[in-house]
Amino acid sequence: MNDFNYKYTIISKITQETLFSNITDLSKTGGLIYDDFFDYIATEAQMRRLSECTLQNEDYICIVKLNNVKSVA
């Protein structure tokens, strides 16, 4: 799944552990992608409606950053 040049850092609110750092594909989170929270983030990414932000629910914090990819013409 192409997440349109976003990078994600996912932190567990329970353990404060960083589960994933600077990943560009939410499908690499394994079973987390089936959680409604991450499904929402993936949908927003596909629609290109995300900007750099921090999203959270009761279990996770997801830090979204833009992956500044430069194309050469």
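## A first look at this predicted model

The side chains of R49 and E44 meet in a salt bridge, 2.8 Å from N to O (a salt bridge being a side-chain nitrogen of Lys or Arg within 4 Å of a carboxyl oxygen of Asp or Glu). By this rule the count comes to 1 salt bridge. This is a predicted model, where local features need pLDDT of at least 70, side-chain atom pairs count only at pLDDT 80 or more, and totals for chains, interfaces and linings use all residues. Residues are numbered from 1 along each chain as its sequence is written, and side-chain values use heavy atoms, leaving out hydrogens and water.

**Overall layout**
- The protein chain has 1 helix and 4 strands (DSSP runs numbered from the N terminus: H or I of at least four residues for helices, E of at least two for strands).
- From the N terminus on, these elements run β-β-α-β-β.

**Burial**
- Of the 73 residues, 34% count as buried, which means under 20% relative accessible area with a 1.4 Å probe, protein chains only.
- E44 is one of the buried residues, with a relative accessible area of 11%.

**The nonpolar core**
- The largest nonpolar core has 16 residues (buried Ala, Val, Leu, Ile, Met, Phe, Trp, Tyr and Cys joined through side-chain atoms within 4.5 Å).
- Strand 1 (6-12), helix 1 (36-46) and strand 4 (60-66) each give two or more residues to this core, and helix 1 gives the most, with 5 residues.
- I10 is among the members that touch the most others.
- Not counting residues up to four places away in sequence, I10 touches residues including L26, F38 and C62 (contact meaning heavy atoms within 4.5 Å).

Definitions and conventions. Buried < 20%, exposed > 50% of the residue type's maximum accessible area, 1.4 Å probe, protein only.
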